[in-house]
Amino acid sequence: MNKKAILFATFAMTFFSCGGIEVEKYIPPTMKQDTIPAEKIVYKNQAKQLYDLISERYLIKSGTYKGLFLENYPIQSGDPEHSYLWNYVSLMSGVSLLNQLGYNVNYADKMEGFERYYSVSGVQNVGGYSSSTNGTSGTGTRFYDDNSIVGLEMLRAYDQLKDSKFLDHCRQIVAFLKSGEDEINGNALWWNEAQKNIAGNTDSNKPACANGFACNFLLKYYQVCPSDEKANVLAFAKRLYTWLYNNLRDPEDNTYWNDMQVDKTINKTKWTYNSGVMISNGIQLYRITGDQNYLSQAIKTAEGAYNYFVRPRGNMALAYPDSDPWFNTKLFDAYIELVPYNSTAANYVDTYIHFMNNAITSARTSDGFFYEDWTGGSPKRYYSLLTQGAALESLARIAIYKGETTH
């Protein structure tokens with residue numbers, strides 16, 4: 001994914017002082033030595049402990065960005081003074097689940113943090129969420145996938161907090177997504193509003209992430225939006241699903257490629273989250289329309305993704321990819337969503353839980369932060385909020401799946 005490369009390309013293992021952020025001496029991480037038998041793991045406790053550690057180390061406690069979070073801890077060379085929107089969403093996915101579990105995590109207040117990334121206009125004359133912030137409003141590029149995953153968090157907040165303002169935010173996100181759709185190379189969204197139809201620019205593309213997560217947000221918004229919006233919202237979602245299915249699906253295994261370039265070249269890189277979101281989209285469309293074909297497509301993609309991505313890694317007989325754990329969470333979420341419709345999906349979930357168990361016991365620093373590589377082979381980007389957010393979301397999601405609760 002190009003954005004991943006942009007956000008992480010400048011990160012190195014050196015530290016600096018910027019805008020008053022205190023620099024810490026770099027100490028190489030050591031693996032956490034204590035082990036916990038799998039049958040003794042209480043996932044909700046593990047999730048809350050990680051959240052508390054994130055709050056202690058990443059939360060910005062004073063100044064312009066007070067209440068937001070650092071991009072990395074320890075701070076890395078080239079970091080902004082706060083996290084990018086993507087990382088904030090990653091954290092908030094876990095926070096919403098902790099709130100669902102019954103923990104007091106100041107959920108409503110933290111949801112307000114999104115508005116500090118909002119900009120009333122950009123390249124398109126429509127409001128949307130930016131990749132960065134000046135502390136008050138959004139700055140930088142506005143990505144369509146970012147806005148969709150923010151929308152999904154707005155829907156979770158509406159479900160838990162019952163405040164109609166979150167539906168108002170969702171309605172604005174729909175308008176922003178509409179501004180990204182055109183008929184060039186078929187009805188679909190570009191990656192971001194600033195790089196549309198630029199020949200020779202590989203970042204100018206119509207990707208699975210933007211279209212898949214927009215479709216997912218629209219289908220979930222459809223379930224709660226006013227009746228006069230439903231027909232247009234569903235039609236928009238179906239257009240995006242059909243474009244993805246026809247253009248970025250690998251017919252060999254029903255997983256999904258990354259993007260279509262301006263010249264219609266297909267970037268055949270595969271990431272777990274692109275297949276994951278399309279599994280969820282197929283399930284959602286089946287629920288809404290009753291069309292069995294959508295569910296069948298979801299099941300085929302689920303099987304194909306498991307066979308493609310899950311394999312022996314390190315000391316593990318079966319493991320999900322050992323990088324980009326946030327991507328893996330989206331495939332995991334989809335497998336949980338599929339379990340009521342396909343018993344085999346429970347095996348996919350169990351493999352992920354075993355992968356998580358290994359991370360808990362064998363892939364953490366001495367402070368308790370999770371490695372990017374959950375096989376325990378290498379710490380890699382343990383310092384990224386995105387990495388810790390993925391672990392937090394996974395722990396809390398497993399707790400809910402297993403019926404753990406604090407209520």
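Helices (H or I, at least four residues) and strands (E, at least two) are DSSP runs, numbered from the N terminus. This is a predicted model, in which local features need pLDDT of at least 70, side-chain atom pairs count only at pLDDT 80 or more, and totals for chains, interfaces and linings use all residues. Residues are numbered from 1 along each chain as its sequence is written, and side-chain values use heavy atoms, with hydrogens and water left out.

Figure 1. Buried residues (under 20% relative accessible area, with exposed over 50% and partly exposed in between; 1.4 Å probe, protein chains only) make up 59% of the 407. Contact means heavy atoms within 4.5 Å. Among contacts with a separation of 6 or more, 63% join residues 24 or more positions apart.

**Figure 2. Helix H2 spans residues 43–57.** H2 has 15 residues and reaches 21 Å from its first C-alpha to its last. That is close to the expected 21 Å at 1.5 Å a residue, where the expected span is 1.5 Å times one less than the number of residues. H2 is mostly covered, with 11 of its 15 residues buried. Among them are Tyr43, Leu50, Tyr51 and Arg57. The buried residues of H2 pack against H3, helix H4 (107–111), helix H12 (345–362) and helix H13 (385–401).

**Figure 3. Tyr73 and Pro74 are joined by a cis peptide bond.** Omega is about -5°. Pro74 sits in the loop between H2 and H3.

**Figure 4. Met92 lies in helix H3 (residues 85–101).** Met92 is buried, with a relative accessible area of 0%. Leaving aside neighbours within four places in sequence, Met92 contacts Tyr107, Lys110, Met111, Phe114 and Glu153. Phe114 is 22 residues from Met92 along the chain, and their C-alpha atoms are separated by 9.6 Å.

**Figure 5. Helix H5 covers residues 144–161.** Its 18 residues reach 25 Å from first C-alpha to last, close to the 26 Å expected at 1.5 Å a residue. H5 is mostly covered: 13 of its 18 residues are buried. Lys162 follows H5, and its phi is positive, near 60°.

**Figure 6. Lys264 has a positive phi, near 75°, and is not a glycine.** The residue lies in the loop between strand S8 (257–261) and strand S9 (266–270). Lys264 counts as exposed, at 54% relative accessibility.

Figure 7. Ser378 is placed in the loop between H12 and H13. Its relative accessible area is 26%, so Ser378 is partly exposed. Not counting residues up to four places away in sequence, Ser378 touches Tyr371 and Asp373. The C-alpha atoms of Ser378 and Asp322, 56 residues apart along the chain, are separated by 9.1 Å. Lys380 also lies in the loop between H12 and H13. Phi of Lys380 is near 45°, a positive value in a residue other than glycine. At 35% relative accessibility, Lys380 counts as partly exposed.
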